[in-house]
Amino acid sequence: MATLPKKPPTKKLCFVVGPIGSNDSDDRVHADWLLEEIIRPVFDEHFTDFHVERADKIFQSWPYR
């Protein structure tokens, strides 16, 4: 009997929620800093079974806008 190939494990989602603000606003600068300099590096190093996303980053890559 043939065996099915193993499906690679999917990562869990860490969905980051917080004020984002408009481009170049203080809120956006802080949100980008927090995401890219604190949250992502910590998850990349210590929680490798998670994929980090923030709503505005998902929307930018969404093909149906």
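With which residue does Arg40 form a salt bridge?

1. The model is a predicted one, and the answer to the question above is Glu36, whose closest N and O atoms with Arg40 are 3.2 Å apart. The two residues are 4 places apart in helix 1, which means that about one helical turn separates Arg40 from Glu36. Glu36 counts as partly exposed because its relative accessible area is 36%, and the limits for that class are 20% and 50%.

2. The search of the whole structure returns 5 salt bridges, and the one between the side chains of Lys12 and Asp49 has an N to O distance of 3.2 Å. Lys12 belongs to strand 1 (residues 12-16), whereas Asp49 sits in the loop between helix 1 (26-46) and strand 2 (50-54), so this pair ties together parts that lie 37 residues apart in sequence. Lys12 is partly exposed at a relative accessible area of 48%, and Asp49 is likewise partly exposed, with 35% relative accessibility.

3. A salt bridge is also found between Asp56 and Arg28, where the closest N and O atoms are 4.0 Å apart.

4. The surroundings of Asp56 deserve a paragraph of their own. Helix 2, in which Asp56 is found, covers residues 55-60. The side chain of Asp56 is joined to that of Arg54 by a polar contact of 2.6 Å. Once neighbours within four places in sequence are set aside, Asp56 is in contact with Ile20 and Arg28. A network of salt bridges links Arg28, Asp32, Arg54 and Asp56.

5. Ser25 is located in the loop between strand 1 and helix 1. At 19% relative accessibility Ser25 counts as buried, because the limit for that class is under 20%.

6. The largest nonpolar core has 6 residues in all, namely Cys14, Val16, Leu35, Ile39, Phe43 and Val52. Strand 1 and helix 1 are the elements that give two or more residues to this core, and helix 1 supplies the largest share, with 3 residues. Leaving out residues up to four places away in sequence, Val52 touches Cys14, Val16, Leu35, Ile39 and Phe43, and also Arg40, the residue that forms a salt bridge with Glu36.

7. Finally, there is a nonpolar grouping on the surface. Trp33, Leu34, Ile38, Val42 and Phe47 form a patch there, with about 410 Å² of accessible area together. Among them, Val42 has its place in helix 1, and at 36% relative accessibility Val42 counts as partly exposed.

Technical notes:
Residues numbered from 1 in each chain as written. Predicted model: local features only at pLDDT ≥ 70, side-chain atom pairs only at ≥ 80, totals over all residues. Heavy atoms only, no water. Polar contact = N/O pair within 3.5 Å; in protein donor to acceptor, adjacent residues only side chain to side chain. Contact = heavy atoms within 4.5 Å. Buried < 20%, exposed > 50% of the residue type's maximum accessible area, 1.4 Å probe, protein only. Patch = residues over 30% accessible without salt bridge, like charges linked within 9 Å, V, L, I, M, F, W, Y side chains within 5 Å. Areas by Shrake-Rupley, 256 points an atom, 1.4 Å probe, with all protein chains shown as cover. Core = buried A, V, L, I, M, F, W, Y, C linked by side-chain atoms within 4.5 Å.
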